[in-house]
Amino acid sequence: MKNLRYLGAFLMVVSTALAAAQDIVVPSRSHDAWNRAAGFAGGYVYSMTQTADGYLWIGTSNGLLRYDGLSFTFVRRGDSVAVTNQPVTGLAADSDGQLWATDDYTHLFRYEADLLKGPLADNGRHGYLPSSLSRTLDGWPLFVSELQGLVEYKQGEPRVLLEPRMVPSAPTAVAQAQDGAFWIGTRENGLFQVNASAGNVEQVPDLNNTKINCLLPLADATLLVGTSKGLFVLHGRRLTADVRPEFAHREILALANGRQGDIWIGTDGHVFIAHAKDIDSEGRIHSLARLDVRGTVTALFEDRDGNLWIGEPETIERYRDNSFVAYLSSAGLPCSNCGAIYVDTEQRVWFAPWDGGLFRISQGKVQAIQLAGLKDDIVYSITGARDELWLARRYGGLTRLLLQGNEVQASTYSPQRGRTQDAIYSVYRDLNGTIWAGTLNQGLSRFRHGTWRTFTTEDGLPSNTILAIAGDASGQVFVGTPSGLALFNNDRWVTYRTHDGLPPGTINSLFLDAANTLWIGTSRGIAFLQSGSLHVPLGAPDALYGEVLGIAESNGWIWIASPDRVLRVRRDALLKQSFVEGDYREFAVADGLPSTEGVRRSASIVVDKRDSIWFSLNGGIAVLPPTALAGPAFPAGIRIDGVSVDGNFIPANDHIRIPSGRHRATFQYSGVNVSNPEGVRYHYRLSDIDSAWSDPTPSREIDFTNIPPGQFQFQVAASNPDGVWSPHEATIAFEVEPSILQTRWFQAASVGFLALLALAAYQLRVQQIHRQFHIGLEARVNERTRIARDLHDTLLQTLHGLLFQFQAVRNQLPRRPEQAMTSLDDAINETEKALAESRNAIQGLRSEPIARGNLAQLLMAASRELARSGTANQEPPVFDLIEEGERQTLSPGSKNEVCRIALEVLRNAYRHAHAQRIEAEIRYSDHSLRVRIRDDGKGIDPKVLKDGGSAGHWGLRGVRERAERIGAHLDFWSEAGAGTEVQLTVPADVAYESSREGIGSRLLRKVRNRAKHS
């Protein structure tokens, strides 16, 4: 708890010019307390310790509690489903990291796998008797009771150091001193030294009949003894009773020591703080501090981060050893925004509040400086050396304060004394005593050897507004302005602007480190000037590219204050532009800062001669002692609590199965950091899904949705506030059950079904192609048969008749020429009929239009040809064609039949109907192709329709056969004198080359067609 003792002891010279009133300012300490209302339900606190994984363990009258920095959790005992409800009176963590505990029945337990297991095997003698548990010098558990004796558990194996019969009655405390001696304190009989080799004990004479509450061994075989009569110091054979007046007749209830030599002494309502080096050879304590607590102190413990834990009845208190010591307005500081800050060689802290005035802190007191009009003026910047200070003021120009003993002399430089104007924003004093003063609008002035000289843009400055000044031992001066950086060397100015590598924006602060690297804080991030070259670090954390208000360097770290952050970054990482774990850290109020908001002053971060770093922030002043952050950075532990599936929580130690379907899985985890849990960051990944870790986040839970079926592992790791990640991640395995559709057997069955379906479709297509081929082949054979029949029935018979007529004419011509001429005319007429019949037969054989065009084009061409071949004394009918729906390509197997049916019906209408109008309609639909031809002619005899055609004529019979072959439906409507209408309906899967019907519809139609023909 080194910072709890850091009270800022600063020397101060009293002056008649100082304010008479001196207010005490006390550094702020971070204090927390938990009672039942705040989540602590442990009851009376007996003991506390910490294990290597970072957990704080608390033994109470209600059982054992574990604290991870966020919550207190009761630990179950053995295989019981209930938490430990028996008192845990003693705790110890051994060298192997094992936690040991004892109860009020002299049982001993060990913590394993989230359970308190035991009691451990011993001699079997137990009772409701006092006992005590501590550690040996080697870190092994040391246990004493009247029934088990004095026992050391080295690596878990018991070794009896003193037989039970030799143990003093009612032991309440046990310890091993630095010289190896064992000591036992009792409830009524005082203190005893154990001679383990001889197997006997020796009572300390002066503590007879004294209740011993606690023992604390120190170096040089010194033993602190806390009793009902006060604090005693035992050194060798000498016992000191008058250790300190504060302890006279005050019961000492708890003792603890820290890693930095601190000694904690607990009494009723107080904790006293001493240091081992403040105990002299006589056993007296020369320096003592005090903390007030809420109740009676029953247990004390300092954790590995230096935090002091105080156990009381029903309450736990903590004084956190913050990195920073803060001075707040609530603790005596006269300002919240304390503006410019400076620490002189005597460790006095000077600050100038934002709203005016000048103050200093010395020896824990804050004083106002009220001379030279400072009370009503604003001081922008402070610098100095040895016994003088220089102040840059808004109205009063440049003021020099000279401290001589108890006297303070003020000298103010105004326009009448050679200054160009009174508004001075920045001031710098070099090693030779030259003063540089930067104004808000009129350039930079130099005061050397009693003479002033002013530099402006005409002399090479990038701007007349000077916001920051720094310099080195050689006399070089660096000036920051809103328009760039200027370097004064050998009486000339060299400027650096954006095109030279400087970030765009205003320069707010400058700092020159010991290696002559100039660090530049701008409104657009950090840069540095090294060996004449400007650099902006690449690959740095994002915060380093935002506005920088204050900047300083100490012990290899660059410290930065921004409008919303206080951070540090390793200097070498910036120079090398390579960042690894631990190179960057942001600090928060939990670290002791009054706030994380920087102030807009050229020097808001300063380093004093002791390497303490002072910060002026919007909220107060903070100081980082040189010993802070010097200890080891313990990695944060990590634990997965469980997973919540749609709001139903499943503990991490259960077998986790997530049902199939859409679910939200929320993984809940937490880092173990009892000192600063707010600074812990986490990254996570889901095996087989995430290829890399997530970005760091402070969130302690993460949601996943739509995780596919399978077995997975959720992994999470934690980093401490220094950015050091835990060496091992926490892992939880879980399984997402597949739905029926996602099971392997279903997928295999689906693949098999699809294969069978594809095979069925293939076979169906093969059958379809085979059927279409046979339909086409049969159509060609039938067509040839029809043509042969037509030629035989018409043309051949006509020719045969002509042969007889020509023979008759030859026979009649010599004897009866007139009759022969008549017969010849009849033969000529018959010849004309034969020619017509031949033409019709040839038209039946022509297939070129069918092969080349679509159905509509074919019908239009046929109608024109039929109109031309009509009789000369009859006007051809008017022909109309209507086409509906999206035109489809007809399949090869159906196109020929459909076209020939349509041509035959159209030809009959032209030849035999004697119609005035013929109309053809083609309709393409998703389910069928429909072709309808109607005329207004004489109609067809119903008997002919019923019989399927006239005797000796094959037209109607032929088109019916063609329709039947392709599975089409042919309908006739006709009445005498009312015309004829013929409609052909072809199913889509037969008619179209690529049917728009689904496979199911085609299969169903196939079944229906087969059923119809069966």
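Why does C899 count as buried? C899 counts as buried because its relative accessibility is 0%, where buried means under 20% relative accessible area, exposed over 50% and partly exposed in between (1.4 Å probe, protein chains only). Before we tour the close-ups, a word on the model: it is predicted, so local features need pLDDT of at least 70 and side-chain atom pairs count only at pLDDT 80 or more, while totals for chains, interfaces and linings use all residues. Residues are numbered from 1 along each chain as its sequence is written, and side-chain values use heavy atoms, with hydrogens and water left out.

**View 1. The protein chain as a whole.** Let us start with the overall picture. The protein chain holds ten helices and 71 strands; helices (H or I, at least four residues) and strands (E, at least two) are DSSP runs, numbered from the N terminus. Of its 1014 residues, 51% are buried. Taking contacts between residues at least 6 apart in sequence, 53% join residues at least 24 apart, with contact meaning heavy atoms within 4.5 Å.

**View 2. The disulfide of C335 and C338.** Searching the whole structure turns up one disulfide, defined as a pair of cysteine sulfur atoms within 2.5 Å. The partners are C335 and C338, whose sulfur atoms are 2.1 Å apart. The disulfide is right-handed because the torsion about the S-S bond of C335 and C338 is about 100 degrees. Both C335 and C338 are buried. Another cysteine to look for is C214, which counts as buried at 8% relative accessibility.

**View 3. D103 and its surroundings.** Here we look at D103, in strand β9 (residues 99-103). With a relative accessible area of 3%, D103 is buried. A polar atom of the D103 side chain lies 3.0 Å from the backbone nitrogen of Y105, and the side chain also reaches the backbone nitrogen of H107 at 2.9 Å. Leaving out residues up to four places away in sequence, D103 touches R77, Q86, P87, T89, F109 and S131.

**View 4. R393 and two side-chain partners.** Strand β37 (residues 388-393) contains R393. R393 counts as buried, at 4% relative accessibility. Its side chain joins that of D377 through a polar contact of 2.9 Å; such a contact is a pair of N or O atoms within 3.5 Å, where within protein one must be able to donate a hydrogen and the other to accept it, and residues adjacent in sequence count only if both atoms are side-chain atoms. A polar contact of 2.8 Å links the side chains of R393 and T399.

**View 5. The second largest cavity.** The structure has four cavities of 30 Å³ or more. A cavity is a set of points, on a 1 Å grid over the protein atoms alone, where a 1.4 Å probe fits but cannot get out, and lining residues have an atom within 4 Å of a point. The second largest cavity has about 70 Å³ of space, a volume being the space filled by probe spheres set on the points, which are joined across faces, edges and corners. Its lining is made up of I658, P659, G661, H663, R664, A665, F704, N706, I707 and V736. These lining residues divide into six nonpolar, three polar and one charged; Ala, Val, Leu, Ile, Met, Phe, Trp, Tyr, Cys and Pro count as nonpolar, Asp, Glu, Lys and Arg as charged, and the others, Gly among them, as polar.

View 6. Most residues other than glycine have a negative phi, and most peptide bonds are trans. G118 and P119, however, are joined by a cis peptide bond, with omega about 5 degrees. P119 sits in the loop between β11 (115-117) and β12 (131-135). A221, a residue other than glycine, has a positive phi near 60 degrees and is found in the loop between β20 (212-217) and β21 (222-227). With a relative accessible area of 24%, A221 is partly exposed. S531 has a positive phi too, near 55 degrees, and lies in the loop between β50 (525-530) and β51 (533-535). S531 is exposed, at a relative accessible area of 77%.

**View 7. V944 in helix α7.** Helix α7 (residues 942-947) includes V944, which counts as buried at 19% relative accessibility. V944 and L956 are twelve residues apart in sequence, with 9.1 Å between their C-alpha atoms.

Technical notes. On a 1 Å grid over the protein atoms alone, a cavity is a set of points where a 1.4 Å probe fits but cannot get out, and a pocket is an open set with protein on both sides within 12 Å along at least five of seven lines; lining residues have an atom within 4 Å of a point.
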